[in-house]
Structure formats: C-alpha cells, structure tokens
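Trainee: I would like to learn how to read the features of a model. Can we start with the strands?

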Amino acid sequence: MNPRATAALLKSWALEAGFDRAGVAALEPAAHGAAFLRWLERGDQAGMAYMERRIEARLAPAAVLAGARSALCVALDYHPLAGEAEPRGDLWPRVARYARGRDYHHLMGERLRALAERIAAAFPGVVTRPYVDTGPVLERDLAARAGLGVVGKNTNLLHRRVGSWFLLGELFLTLELDAVQAPPADLCGSCNRCLQACPTGALREPFRLDSRLCISYWTIEHRGAMPPAAREMVGDWVFGCDVCQEVCPYNRAPREVDHPELRLPAERAELDLAGLLALRRDDYVARFRGSPMKRAKLDGLRRNAAVAMGNRGGGAYVPALAQALGDAAPLVRGHAAWALGRIGGAAARQALAAALASESDPGVRAEIDSALAEQASPA
C-alpha cells in the first residue's frame, strides 16, 4: 500500500475509533518554534516550568519517538453536546466546558491506544507513541500541518466549519504516510473580538497569550495562594475560562456532537460553590474520579471557590465562608478570609474577628488582618 492510501486508511480508522477529524502531519521542524522560544523568553509561561523542558523535542517533533516518520493527528469535539443543556447555578457555568465531564486525556488516550493496536496488527514492526497534551509536543503546530485548523489570534486552533471547541491528540508512527494537506489560510483577518473580550488582557497582542494574566493559569496550574491581584483578575471563574472562544465568530453556531462521556455527570452537577468549598477528601475522590478538574487538586478547587464567592459578593456566601475559616487547610482559610473581606458586613466582620482569636498560622492571620482592615476602610 502506498503512503497516500495508507494515510487515508489510518484517517478512516481514526474516525471509527471515535474521533471527529483526523489528518497526517510530516515531522518537520516546528513552524512556530521561534514564536515558542520568544514566548518562553518573555516569561509568558508564568509558573509552568515544565514548558521549558525538552525544548529540542518540541522544536523537532521527530525526536519524541526513535524512527518516527509521521504523526496521525486527531480532533475530538466537546461542545455543544447532544442532549445536554447549559448548566445553571453559581459553579458550573464558570467551569470551562472541556472540564465538566470525563478527563479527555484518558478518553482520547484510550482511543489512541486502541488505534495503535489496530495499526500494529495490520503493519507488523511499526512502532507508535500516543500523546494527548502529555509530553513535549507543540500540538497545535502539528495539527495545523495536518489540516485540522489554523492557529487563531486567541492562540486556539480554529476550524472554518466547526470553530475551536475541540481537543487534540497525536499518534507518532514509524510509518511513512503521505501528508498532502496544505496549511490553511489565516482565518482571523481583521477580527480582534477575542483580544477585546479577554477580561484580563492576557491576549496582549494577536497570537500571544501571557499566562501571567490568564484565568486558566491561575485557576488550574498555579499552586498555593493566589496573589491579591490574581484573585480579583479571575472573577468568578472556578476552573479555566472560555471567554475568548465564546466571542469567536467561528463558534457562533457550532454543530452538536454526541460524546456522552464529556457530559457533566449528576454526582458533580449538584455541587454549587458552597458545596465545593466544603468538600471533604472522600467526597472529592468519589465525585471527581476521572475528572480533568483534579488537575487543580482539592484544596486548589476550594481556594478557587472561595475566590469566586468573594468576587460574586452577597451575604448568602458568608455562612459557608465563615465555616471555612475553621478548615484544616491554611490555603482555604486564607482565601475564605479574603472573600469575607470583599463581601463585608457585620456577619463577615464577626466571623473574621472570631477566627483571628484562634488562628495560629502567620499567613492566615495576615489574610484575616487584611480583610478586617478592608472592612474598616471607608468606601
């Protein structure tokens, strides 16, 4: 079988495996390699030090697998999902859509491994290696080369017909495939809606995302306490952010897809911000099993819930936040104190003063002092 026919066959197998689109990329040096190095030099990766590792593999994708000749790139659409209405309440509308259901790393990884087994059976001696945002691969670069889209000004991959609500994966192969797909033309033109809509200015210029200003970075990747400026910046987002996709014209009328694994499950859907803030370890393990939200870890999610409450405001949150002042985790106590300071009122002041009397952690005491001082400051 010639390389072109083999490529067509493998792309059809990818669709049979449950992916929505597939393409083949040649393993040439990364087209966006220079831009990636500039991104690192500016410090736009924020605290994501792992982005600085194995740079040679990111710039030369053939290095991830000895003898690699090509990459089969796949896409999985995740919004809107058939039979699922947009969630209501104060929590789930502020969780990025990709993170509401099953972890796509696991789902796509299983499908890629099954695809790899099928290829190995049909082509003895061929070696494969799957990736789903799990290694030193510039995925958008490869996917664009494979014809799955073009990088937009919001740094997401855009497809002319389906927009950007899709996830990427790759299967590297020691198999010669014909990559005949020409790179698509620019899709953004003069449109700057994503830059104008970004609530934090993280899209400093077209095609550049500064993670230091990105809500997704602070709510997912950052560990420990958020700086006060970041707390205000994230608003009421709890995990990730979808704003730059929501305003994109190519996402105006996305087609519905049938991937039930990505739906928000009932055991999580019933949670609200107060419920997330009060979540205990055993309940977290049970409810969030197989969820991409585990990336932020339990105390990170509870930290985010407290920050969202403080930014949303309202006395209805005070009892839950006051309860959190007695939590075992200093990270949660400190952010609950900050939120109470933001909300204000007599009940908030009373809770903060009572917590200060028994608090021993210096960092949390500083948070409570700051929250009380904010209460005392004139409006």
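Mentor: Start with one pair of residues. L76 stands opposite L167 in β6. This is a predicted model: local features need pLDDT of at least 70, side-chain atom pairs count only at pLDDT 80 or more, and totals for chains, interfaces and linings use all residues. Residues are numbered from 1 along each chain as its sequence is written, and side-chain values use heavy atoms, leaving out hydrogens and water.

Trainee: Which residue stands opposite A75 in β6?

Mentor: A75 faces L168. Helices (H or I, at least four residues) and strands (E, at least two) are DSSP runs, numbered from the N terminus. Two strands pair if DSSP finds at least two bridges between them.

Trainee: How many bridges join β2 and β6, and in which sense do they pair?

Mentor: Eight bridges, in the antiparallel sense. Strand β2 covers residues 70-77 and strand β6 covers residues 166-173. Then look at β1, which is joined to β2 by six bridges and also runs antiparallel to β2. There, A22 has V74 of β2 as its bridge partner.

Trainee: In what order do the strands form the sheet?

Mentor: Read across: β1-β2-β6-β3. Those four strands form an open sheet with antiparallel pairing. Its edge strands are β1 (21-26) and β3 (128-131), each pairing on one side only. From one strand to the next, the twist averages 20°.

Trainee: Which helices lie across these strands?

Mentor: Take two. Helix α1 (residues 3-16) lies across β1, β2 and β6, at about 140° to β1. Helix α4 (residues 104-122) lies across β2, β3 and β6, at about 30° to β6. Axes are lines fitted to C-alpha atoms, for helices over the stretch in contact, and angles run from 0 to 180 degrees between N-to-C directions. Contact means heavy atoms within 4.5 Å.

Trainee: Is β2 mostly covered or open?

Mentor: Mostly covered: eight of its eight residues are buried (under 20% relative accessible area; exposed is over 50%, partly exposed in between; 1.4 Å probe, protein chains only). Check both faces of β2. S70, L72, V74 and L76 are buried on one side. A71, C73, A75 and D77 are buried on the other.

Trainee: Now the loops. Why does E28 count as partly exposed?

Mentor: Because its relative accessibility is 45%. E28 sits in the loop between β1 and α2 (33-42). Leaving aside residues up to four places away in sequence, E28 touches P61 and R145. L59 is 31 residues from E28 along the chain, yet their C-alpha atoms are separated by 8.9 Å.

Trainee: Is A202 buried or exposed?

Mentor: A202 counts as buried because its relative accessibility is 2%. This residue lies in the loop between α6 (193-197) and α7 (215-221). With residues up to four places away in sequence left out, A202 touches R208, L209, D210, L213 and C214.

Trainee: How do I find empty space?

Mentor: Rolling a probe the size of a water molecule over the atoms shows where empty space is left. A cavity is a set of points, on a 1 Å grid over the protein atoms alone, where a 1.4 Å probe fits but cannot get out. Lining residues have an atom within 4 Å of a point.

Trainee: Which residues line the largest cavity here?

Mentor: D77, H79, V162, W165, P254 and R255. D77 is also one of the buried residues of β2.

Key:
1 Å grid on protein atoms, 1.4 Å probe; cavity = no way out; pocket = protein on both sides within 12 Å on 5 of 7 lines; lining within 4 Å.
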